[in-house]
Amino acid sequence: MLTPEMKNLIGENTIGLVATVTPKGRPAVSPKATSVVLSPSEIAFLDIRSPKTRRNIKANPNVELNYVDVFRRKACRLTGVATYVDPNSKEFTILQTNFKEFDYLLNGVYGIFHVTISKAELILSPAYDHGAREDVLKKDWLEKYTQLLS
């Protein structure tokens, strides 16, 4: 399911966009910055301030997550089913050990979103279709973003 390249992309770009469906059937996308890969078919992220994501997943657990590497012009699209793990559960105690990088946040979280992945896809920019090389794209886009921040 998740390839080593996808795992690296998610690890290096932990801000993911999570798409859910509201109870009224409307799409909703929300950034999440605490994602961790649990296994080739599982990912999780913390509920720090996500009442609408929590509500949406409880109403409809189907989700899509997208992690974008803006410099290498690659993305990882994950489709799956999310469950909500309450902090008072045994599963929470087990899952929280995977969030070492975010341990300073754990006391204030409302829960953990656990996603079982049914489909994972690596998406490449069309630039690769025309012979672009990853190292050149990374250098060029890093320059562009550096100029934007100057």
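Start at the largest pocket, which has a volume of about 160 Å³. The model you have open is a predicted one.

Select Val-29, Ser-30, Lys-32, Lys-52 and Thr-53: of the 15 residues lining this pocket, these are the closest to its centre. Now colour strand S1 (16-21), strand S2 (27-32) and helix H2 (51-59). Each of these elements gives two or more residues to the lining. By type, the lining divides into five nonpolar, six polar and four charged residues.

Next stop: the core. In soluble globular proteins, nonpolar side chains tend to be buried together. Here the largest nonpolar core has 18 residues. Select Ile-43, Leu-65 and Leu-78, the residues with the most contacts inside this core. Then show helix H1 (4-12) and strands S4 (42-47), S5 (62-69), S6 (74-85) and S7 (111-124). Each supplies at least two core residues. S6 brings the largest share, four residues.

Zoom in on Ile-43. What does Ile-43 touch, leaving out residues up to four places away in sequence? Its contacts include Ile-10, Val-37, Leu-38, Tyr-67, Phe-113 and Ile-117.

Move on to a second, separate core. This one has eleven residues, among them Val-36, Val-85, Phe-92 and Val-109.

Finish in the loop between S5 and S6, where Arg-73 lies. Check its backbone: phi of Arg-73 is near 60°, a positive value in a residue other than glycine. Is Arg-73 buried, partly exposed or exposed? Arg-73 counts as partly exposed because its relative accessible area is 26%, between the 20% and 50% cut-offs.

Key. Residues numbered from 1 in each chain as written. Predicted model: local features only at pLDDT ≥ 70, side-chain atom pairs only at ≥ 80, totals over all residues. Heavy atoms only, no water. 1 Å grid on protein atoms, 1.4 Å probe; cavity = no way out; pocket = protein on both sides within 12 Å on 5 of 7 lines; lining within 4 Å. Points joined across faces, edges and corners; volume = space filled by probe spheres on them. Nonpolar A, V, L, I, M, F, W, Y, C, P; charged D, E, K, R; others polar. Core = buried A, V, L, I, M, F, W, Y, C linked by side-chain atoms within 4.5 Å. Buried < 20%, exposed > 50% of the residue type's maximum accessible area, 1.4 Å probe, protein only. Contact = heavy atoms within 4.5 Å.
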